[in-house]
Amino acid sequence: MAELDANLDHIIPSSVLAPFWAKLVVGFVSLVCFARSYDGDFVFDDSEAIINNKVAGVVGRADLLGALFFLLSFLGYCKAFRERNKEGTHSTFWVLLSVLLGAVAMLCKEQGITVLGLNAVFDILVIGKLNVLEVVQKVLHKDKSLENLGALRNGGLLFRMTLLASGGAGVLYMRWKIMGTGPPAFTEVDNPASFADSMLVRAINYNYYYSLNAWLLLCPWWLCFDWSMGCIPLIKSAGDWRVIALAALWFCLIGLICQALCSEDSHKRRILTLGLGFLIIPFLPASNLFFRVGFVVAERALYLPSAGYCALLTFGLGALSKHAKKKKLIAAVVLGILFINVLRCMIRSGEWRNEEQLFRSALSVCPLNAKVHYNVGKNLADKGNQTAAIRYYREAVRLNPKYVHAMNNLGNILKERNELQEAEELLSLAVQIQPDFAAAWMNLGIVQNSLKRFEAAEQSYRTAIKHRRKYPDCYYNLGRLYADLNRHVDALNAWRNATVLKPEHSLAWNNMIILLDNTGNLAQAEAVGREALELIPNDHSLMFSLANVLGKSQKYKESEALFLKAIKAHPNAASYHGNLAVLYHRWGHLDLAKKHYEISLQLDPTASGTKENYGLLRRKLEQKQKKDV
């Protein structure tokens, strides 16, 4: 047993530096790599995972947390053998703790459960020193001794494997109880190879994806936030030059596996086995071997396998330096590799600072990816550059003629530019492709309303609500349609539904107040306005609308207070000053009325109503002065 403990330090060697200095160096290099993005924006899916997520933002740290508990589980399993050597028996406590940590890793990220498989491989091939070639030879020669297996059994291997298997089964059962057995629904654009009819085409493309992942580990220069939607065209024939990548990958892998399992050097076998275990086993859930995954390449899936890659690279460079005469050259190569990768991390970290840099960086990597063009267009549209956004949305639709989200966003921009005919065509096509696309149905209704096709618009709104029951914005737009048709009761009911579903829906509240005001229902308008302000007390537009109602009800003092409060919140709103001036005009405070008319006209000199009222006030003041004289 002492031999096992001694060799464990050679398999997982301690740092050459003192622990403090080793941590300091790693921390410093990490800081240099990622410091550029520490104060960056929330980008891409951060908006859903963190900003709009009400459970916790920690979901954005799933990969980091999964890797943390994965490594803790593995180190806990290693600790079981160190404890065994001190006490004479293996430590069941550390094995059970390792299983528990593996379960926590899976709760953070599903690939975390693979640590149990890594622990089993580590136990059998590394700790147990099982020589696979020797076992195979004995089996082929029908040698009944098989002494190694007996030794392993005596060492408690079967007991530990039972604990790992039971723990893994329990964790999977827990996952099944929480999330069910049905896999998530993915589409062809997410993972085209998995939808190929031919099993051979699927196998070839899966292996090509593996080679791309391997290349990203070796040379992480071409990085993209999303690899779906035509980013990697399918290999459909053996004549495709990319099959060379498959051959290269398996040539290297088979060579490493043969050395790991069959080398006469037991130390070499064990290090290579550990490195390959870390490289391959955590990657298995992303391999499409057991179930379809929702991506082609996901750089996050390489986070844990990169530990195995680093171990293999370190072993290879160490072996090379032993046989090379120019050791300084090897050291220079190592430092060069480290420097290049740190530089790449710094560049990539800068690209993640904001969405514009992130999305544009993907254009050169995946020019055929419709989602890349869509996100660039969306970012431009959010900044108000509609002309450029249209160009990228059109390219996204060209690359993927069934990209309904790009059609929807493009249709919205065309609607705002009053290009209603094309907008209607795009949105109609979007709902034809995806009949349950509620947002597209609502936007189609808005376009049809603008085209005075009221019956079609109402039907579109109703269809949107059918597919998304809780859709306050759609109820709001339906209310606007009813208001245009003078169906006032229906309009009020629709807006009331919007506020029930979304109590902070300011536009719906405002429209209710204004409609009730315009139809002479001042008491009801006042009640709705007060209700709205209780829910949204700092909304200046609601203060303004309620102030108008109170002014008409001759509640001048309360109306004045609300007008002043609205102006304090939004001092450059010409209508706020103009309507306050009208209130003072009615109230008889003519000097204050004159002051606010003038402010309103400074802010908006084209306001004809304010000009007319100001003219009336001036004539009234002139008449008053003549009387005084």
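V582 touches Y597 and N613, not counting residues up to four places away in sequence; contact means heavy atoms within 4.5 Å. V582 itself is placed in helix α28 (residues 574-587). Helices (H or I, at least four residues) and strands (E, at least two) are DSSP runs, numbered from the N terminus. Between the C-alpha atoms of V582 and L617, which are 35 residues apart along the chain, there are 9.6 Å.

The model is predicted: local features need pLDDT of at least 70 and side-chain atom pairs count only at pLDDT 80 or more, while totals for chains, interfaces and linings use all residues. Residues are numbered from 1 along each chain as its sequence is written, and side-chain values use heavy atoms, with hydrogens and water left out.

**Domains**

The domain assignment divides the chain into domain 1 (1-142 + 149-182), domain 2 (190-360), domain 3 (369-455) and domain 4 (571-628). Such bounds come from an automatic or database domain assignment. The centres of domain 2 and domain 3, taken over C-alpha atoms, are separated by 38 Å. Where the two meet, 11 residues of domain 2 are in contact with 12 residues of domain 3.

The size of an interface is often given as the accessible area lost when the parts come together. Here, buried area is the accessible area (1.4 Å probe) that two parts lose on being put together, summed over both. For domain 2 and domain 3 this is about 990 Å², with 55% of it on carbon and sulfur atoms. On the domain 2 side, M229, F359 and R360 lose the most area to domain 3, together 56% of what that side buries. The interface of domain 2 and domain 3 also has two salt bridges across it.

**Salt bridges**

Side chains of opposite charge can pair when their charged atoms come close. The rule used here asks for a side-chain nitrogen of Lys or Arg within 4 Å of a carboxyl oxygen of Asp or Glu. By this rule the count comes to 23 salt bridges. The table gives some of them.

| Pair | Closest N and O atoms |
|---|---|
| K371 and D226 | 3.3 Å |
| D382 and K378 | 3.7 Å |
| K594 and E598 | 2.7 Å |

D382 and K378 both lie in helix α16 (residues 370-382), four residues apart, about one turn of the helix. D382 is exposed, at 57% relative accessibility, whereas K378 is partly exposed, at 34%. For these words, buried means under 20% relative accessible area, exposed over 50%, and partly exposed in between (1.4 Å probe, protein chains only).

K594 and E598 are separated by about one helical turn because they are four residues apart in helix α29 (residues 590-603). K594 is partly exposed, with a relative accessible area of 30%, and E598 is partly exposed too, with 28%.

Salt bridges that share partners join E526, R530, K555 and E558 into one network. K555 is partly exposed at 33% relative accessibility, but E526 is buried at 11%.

**Aromatic rings**

Rings of Phe, Tyr and Trp (its six-membered ring) pair if their centres lie within 6.5 Å; planes under 30 degrees apart count as stacked, over 60 as edge-to-face and the rest as tilted. A search of the whole structure finds 19 aromatic pairs. One of them is F44 with F359: the ring centres are 6.2 Å apart and the planes are at 80°, so the pair is edge-to-face. F44 lies in the loop between α2 (19-34) and α3 (46-51) and F359 in helix α15 (residues 355-363), so the pair ties together parts that are 315 residues apart in sequence. F359 is buried, at 2% relative accessibility.

The rings of Y173 and W176 have centres 5.5 Å apart and planes at 40°, so this pair is tilted. Both residues lie in helix α9 (residues 157-179), three residues apart, about one turn of the helix. W176 is partly exposed, with a relative accessible area of 37%.

F70, F74, Y77, F81, F122 and F278 form one aromatic cluster. F70 is also in contact with T114, as are I281, P282 and P285, leaving aside neighbours of T114 within four places in sequence. T114 lies in helix α6 (residues 114-127) and is buried, with a relative accessible area of 11%.
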